[in-house]
Amino acid sequence: MSSNKTVLISGGAGYIGSHTAVELINAGYNVVIIDNLSNSEKEAVDGVRKITGKDVVFEIVDTCDKTALRQIFKSYDFDSVIHFAAYKAVGESMAEPLMYYQNNLVSFMNIVEMMKEFNRPNILFSSSATVYGEAENLPVTEQTPRQPATSPYGNTKQIAEDILHDCCRAYEGVHGIALRYFNPIGAHPSALIGELPRGVPNNLVPFITQTAAGIRKELSVFGNDYDTPDGTCLRDYIDVVDLAKAHVAAVNRMTDCKMDAKYEIFNIGTGNPISVLELLTTFESVNNLKLPYKIAARRSGDVPAVWADTSRANEVLGWKAERPLRETLQAAWAWEKNVRNIK
Ligand code: NAD
Ligand code: WQD
C-alpha cells in the first residue's frame with residue numbers, strides 16, 4: 001500500500017526499528033526517526049538511507065525527556081507513532097530494575113501523553129512473547145492468559161500494554177496496537193543493517209554468529225533435558241524483515257481506520273517451534289560451517305517452549321511470515337561478516 005503519510009519511529013536506530021523504517025519507506029511512508037543511541041549507532045540510520053535511497057530524518061532525542069519530545073511533536077506532522085525505544089536485556093533488568101521501569105515506562109507514557117496533547121491518533125507498541133511466560137497450552141493465542149512477569153523487563157511490557165489499553169479506552173483520539181514479537185532474528189538481505197549487541201550477547205543467534213566469527217570460543221546450549229523432542233528449548237524465531245513488514249501491515253490498518261476496537265493485540269511469529277540444536281545445525285549447514293558448542297546447565301528463567309498461533313495476524317492484518325529459516329540464518333551470518341570485515 002502506498003501513502004505519503006509520516007510515521008514517527010522512536011528507537012528507530014535500533015535493530016527492529018531500522019528494519020521497520022526500511023519497510024515503511026518501501027511501502028511509501030515518510031519516517032522520522034528519534035533515538036538516544038543508548039543501544040545503537042547512527043550508522044544504522046545511514047544503512048536505512050543507503051538501502052532506500054531516501055534522506056531519512058533523524059534526531060537524537062531521549063524519549064524520557066518530555067521537553068525534547070514535545071519539540072518533535074511540534075516540528076513534524078505525523079498520524080502514527082511506532083514506539084520501539086526501550087531497554088531489552090532481561091538479566092540486566094533483574095540487576096537494575098529501576099533503570100528498566102524508568103526508561104521503558106516513562107518514555108512510553110511520555111509518548112502517549114504527547115499523542116493526546118497533539119491529537120496524533122495511532123500508536124503501535126513493541127510488546128513481547130515474554131508476557132505469556134510459561135503458558136499452559138501451546139501454541140499461544142492472543143487470548144492465552146498472561147502469566148505474572150518473571151523479570152522487571154517483562155513486567156514493563158505487561159504494564160505498558162495495560163497503560164495503552166487504559167489510554168485507548170479513556171481518550172477518544174488514541175488508538176493502539178500491541179505487537180507481541182516472538183524471537184526476532186536475522187538481518188536485512190543487503191547486510192547493511194542488522195543486530196549489533198553490545199558486550200556478550202544474551203540471545204542465541206548473535207552468540208552463534210559471534211562464535212562463527214571467532215569472537216566467542218564456543219556456544220553453550222542451555223539445557224538438553226527439557227521435555228521437548230531433542231531436549232533443548234523450543235522457540236518461534238521470526239525473521240526481522242518479516243517482523244518489520246508486520247509493522248507496515250499494522251500501521252496500514254490504523255491509518256486506514258480499519259481497526260475493530262480501539263486497542264488490538266497481535267502475535268507476530270512464524271507458528272513453527274524450532275529447537276536450539278535445530279537452529280544451530282541449520283545455521284551450520286546453510287553457511288557451510290562447523291561451530292564449537294557444549295551442553296551447559298539450564299539458564300534460569302528460560303521457559304521450555306513457546307511459539308505463536310499467528311492466525312489472527314494472518315487473517316486480520318493479512319500478514320504472514322515468509323522468509324525461510326535458512327535465508328534468515330544466511331543473512332545473520334552475512335551481516336556479522338560485514339560488521340567484522342570477514343571475507
Ligand atoms: P534495540 O536495543 O536494538 O532498539 C531499541 C532502540 O531504542 C535503541 O536504538 C536504543 O538506543 C533506543 N532507546 C532506548 N531507550 C531510549 C530512550 N529513552 N530514548 C530514545 N531511544 C531509546 O532493541 P530491538 O531489538 O530493536 O527492540 C525494539 C523493541 O522491541 C524494544 O521495545 C524491545 O523491548 C522490543 N522487543 C524486542 C525483542 C527482541 O528480541 N529483540 C523481542 C520482543 C520485543
Ligand atoms: C533462545 C533459546 C536459550 C543463548 C529473549 C527474551 C524475550 C524476548 C526475546 C524481548 C533459549 C537458548 C540462548 C545461548 C542457548 N526479548 N540459548 N545459548 O530467552 O527465548 O527470549 O529474547 O522481549 O523476552 O527473554 O531468547 O535468544 O536468549 O534464547 O542455548 O548462548 O536459546 O536457552 O532456549 P529467549 P534467547
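Hi everyone, let's begin with helix H8, which is mostly covered: 15 of its 16 residues are buried. Buried here means under 20% relative accessible area, while exposed is over 50% and partly exposed is in between, with a 1.4 Å probe and protein chains only as cover. Helices are DSSP runs of H or I with at least four residues, strands are runs of E with at least two, and both are numbered from the N terminus.

Some housekeeping: this is a predicted model, where local features need pLDDT of at least 70, side-chain atom pairs count only at pLDDT 80 or more, and totals for chains, interfaces and linings use all residues. Residues are numbered from 1 along each chain as its sequence is written, chains are lettered from A and ligands numbered from 1 in the order in which they are written, and side-chain values use heavy atoms, leaving out hydrogens and water.

Back to H8. How far apart are its end C-alpha atoms? They are 23 Å apart, which agrees with the 22 Å that its 16 residues should span at 1.5 Å a residue; that expected span is 1.5 Å times one less than the number of residues. At the start of H8, a side-chain oxygen of aspartate 239 comes within 2.7 Å of the backbone nitrogen of valine 241. Just after H8, cysteine 257 has a positive phi of about 55°.

Now look at arginine 253, which sits in H8. Is arginine 253 buried or exposed? Arginine 253 is buried, because its relative accessible area is 9%. Its side chain makes a polar contact with the side chain of aspartate 260, at 3.2 Å. A polar contact is a pair of N or O atoms within 3.5 Å; within protein, one must be able to donate a hydrogen and the other to accept it, and residues adjacent in sequence count only if both atoms are side-chain atoms.

Next, ligand 1. It is surrounded by 27 residues, and the closest include Asp35 and Tyr153; a residue counts if one of its heavy atoms lies within 4 Å. The largest share of this shell, three residues, comes from strand S5. A nitrogen atom of ligand 1 is 2.9 Å from a side-chain N or O atom of aspartate 62.
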